[in-house]
Amino acid sequence: PPGAVLVALPFGLITDDGTAHLAWNVATFPLFALALVLLARELGFRWGWSLAFTSVALTVSWSAVLSQLFQGQLNFLILLLLVAAWRADRRGWPAAAGVA
């Protein structure tokens, strides 16, 4: 979609493909982590060190996450927008849900 070009456009300024791919992953992986944290907080999960460590280990070894990182897709950004829209809708903020 045309909007995807605007998101990825700054990474086109990087001349080396490997460096651009790494920069994309460094920029989008925290969005995935933020989406998981927002989802867990909205559902009322209580985090302890053992649950956090297990979650990180499972997330890093999950083939869908590895595939996202290898291919450099937009899925982490889309996940954050979906979680933000869902969270805003649950809280009764229809304008914020629509923006997300």
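Which side chains meet in a salt bridge with an N to O distance of 3.1 Å, one of them being Arg-91? Keep that in mind as you go through these points.

1. **Before you start.** This is a predicted model, so read each point below as a description of a prediction.

2. **The opening question.** The partner of Arg-91 is Glu-42: their side chains meet in a salt bridge, 3.1 Å from N to O. Have a look at where the two sit. Glu-42 belongs to helix α2, while Arg-91 is in the loop between α5 and α6 (94-99), so this pair ties together parts of the chain that are 49 residues apart in sequence. Arg-91 itself counts as partly exposed, because its relative accessibility is 40%.

3. **Glu-42 and Arg-87.** Here is another salt bridge to find on your screen: Glu-42 with Arg-87, at 3.1 Å from N to O. Helix α2 covers residues 17-43 and holds Glu-42, and helix α5 covers residues 75-90 and holds Arg-87, so the contact ties together parts that are 45 residues apart in sequence.

4. **Glu-42 and Arg-90.** Now try Arg-90, which also forms a salt bridge with Glu-42; the closest N and O atoms are 3.2 Å apart. Arg-90 has a relative accessibility of 48%, so it counts as partly exposed.

5. **Buried or exposed?** What about Glu-42: is it buried or exposed? It is buried, because its relative accessible area is 13% and the cut-off for buried is under 20%. As for the pairing itself, side chains of opposite charge can pair when their charged atoms come close.

6. **Putting the bridges together.** A search of the whole structure finds three salt bridges. Salt bridges with shared partners join Glu-42, Arg-87, Arg-90 and Arg-91 into one network.

7. **The largest pocket.** Next, turn to the largest pocket, which has a volume of about 370 Å³. It is lined by 16 residues, and the closest to its centre are Leu-36, Val-37, Trp-47, Ser-55 and Thr-59. Two elements, α2 and α3 (49-61), each give two or more residues to this lining.

8. **What the lining is made of.** Which element gives the largest share of the pocket lining? That is α2, with nine residues. By type, the lining divides into 13 nonpolar residues, two polar and one charged. Helix α2 therefore turns up in both parts of this note: Glu-42 lies in it, and it contributes to the pocket lining.

Note on methods:
Residues are numbered from 1 along each chain as its sequence is written. This is a predicted model: local features need pLDDT of at least 70, side-chain atom pairs count only at pLDDT 80 or more; totals for chains, interfaces and linings use all residues. Side-chain values use heavy atoms; hydrogens and water are left out. A salt bridge is a side-chain nitrogen of Lys or Arg within 4 Å of a carboxyl oxygen of Asp or Glu. Helices (H or I, at least four residues) and strands (E, at least two) are DSSP runs, numbered from the N terminus. Buried means under 20% relative accessible area, exposed over 50%, partly exposed in between (1.4 Å probe, protein chains only). On a 1 Å grid over the protein atoms alone, a cavity is a set of points where a 1.4 Å probe fits but cannot get out, and a pocket is an open set with protein on both sides within 12 Å along at least five of seven lines; lining residues have an atom within 4 Å of a point. Grid points are joined across faces, edges and corners, and a volume is the space filled by probe spheres set on the points. Ala, Val, Leu, Ile, Met, Phe, Trp, Tyr, Cys and Pro count as nonpolar, Asp, Glu, Lys and Arg as charged, and the others, Gly among them, as polar.
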